[in-house]
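Here is a short briefing on one protein chain. Look over the sequence and the fold, then read on.

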Amino acid sequence: MAEPIRKNPPITLTPEQNSVYEAVIQGHNIFFTGSAGTGKSLILSKIIGVLPPDNTFITASTGLAACNIKGTTIHSFAGMGLGESSLEECVKLASRPAYRTQWRQCKHLIIDEISILSSAWKRCFTKCIVLKEVHRQADQHFINILNEIRTGRMNDSETKKRKLILVGSATVQLKIASQ
Ligand SMILES: Nc1ncnc2c1ncn2[C@@H]1O[C@H](COP(=O)(O)OP(=O)(O)OP(=O)(O)O)[C@@H](O)[C@H]1O
């Protein structure tokens with residue numbers, strides 16, 4: 001007889017992760033971020049799972065990021081090209097029937113990888129949460145490297161250690177390549 005398929009137990013959010021989830025439930029416009037492995041994707045999937053699909057639009061700033069969350073690009077959602085025209089022209093483009101319907105329907109707009117977009121979005125959120133606790137790996141040195149890559153602040157005195165790590169493990173190289 002075939003073995004029954006065992007499902008992994010659902011992952012419980014930590015208090016800092018839960019603060020993001022709760023803020024969304026409470027209706028905040030929220031920006032959340034954090035270094036690699038802090039659980040951003042996990043939280044996002046929980047949020048997507050709980051918001052009503054008929055009025056929630058899942059988008060990202062790039063096609064690749066959009067694919068990862070089974071969404072569309074923000075540009076495709078908004079219907080105003082790259083949004084580089086005048087305000088008047090953008091409103092006109094977004095008012096075309098297909099886009100007007102989406103905008104009217106939309107009560108929750110998720111934008112992944114939002115930092116890539118121009119900074120106007122920063123005025124839109126009422127809460128910002130930076131996740132600190134890393135769950136993917138316990139190697140603090142490696143975590144520091146990932147954080148430095150993420151913020152673009154490379155520390156010269158750390159370079160030698162970094163090289164040792166990069167040469168030492170193919171897994172690490174792959175992980176760095178994907179950040
Ligand atoms: N509360 C938790 N309990 C157990 N495992 C967790 C928890 N949060 C996250 N993880 C695990 O840690 C790993 C990293 O999580 P996730 O991919 O969501 O992080 P991320 O911040 O999106 O990372 P990246 O920025 O690299 O994409 C995953 O394997 C995830 O299942």
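How many Å apart do the end C-alpha atoms of residues 13–125 lie, and how much of the span is helix and how much strand? The ends are separated by 22 Å. The model is a predicted one.

**Annotated span**
- Residues 13–125 carry the UniProt annotation "domain: DNA helicase Pif1-like DEAD-box helicase".
- The annotation comes from an unreviewed entry, and UniProt annotations may be inferred rather than shown by experiment.

**Overall architecture**
- The protein has 9 helices and 5 strands.
- Along the sequence, their order is α-β-α-β-α-β-α-α-α-β-β-α-α-α.

**Packing and surface**
- Of the 179 residues in the protein, 31% are buried.
- Take the contacts between residues at least 6 apart in sequence: 62% of them join residues at least 24 apart.

**A loop residue: Asn55**
- Asn55 sits in the loop between helix H2 (40–50) and strand S2 (56–60).
- Is Asn55 buried or exposed? Asn55 counts as buried because its relative accessibility is 16%, and the cut-off for buried is under 20%.
- Which residues does Asn55 touch, leaving aside its neighbours within four places in sequence? Asn55 is in contact with Gln105, Cys106, Lys107 and His108.

Methods. Residues numbered from 1 in each chain as written. Predicted model: local features only at pLDDT ≥ 70, side-chain atom pairs only at ≥ 80, totals over all residues. Heavy atoms only, no water. Helix = DSSP H or I, 4+ residues; strand = E, 2+ residues; numbered from the N terminus. Buried < 20%, exposed > 50% of the residue type's maximum accessible area, 1.4 Å probe, protein only. Contact = heavy atoms within 4.5 Å.
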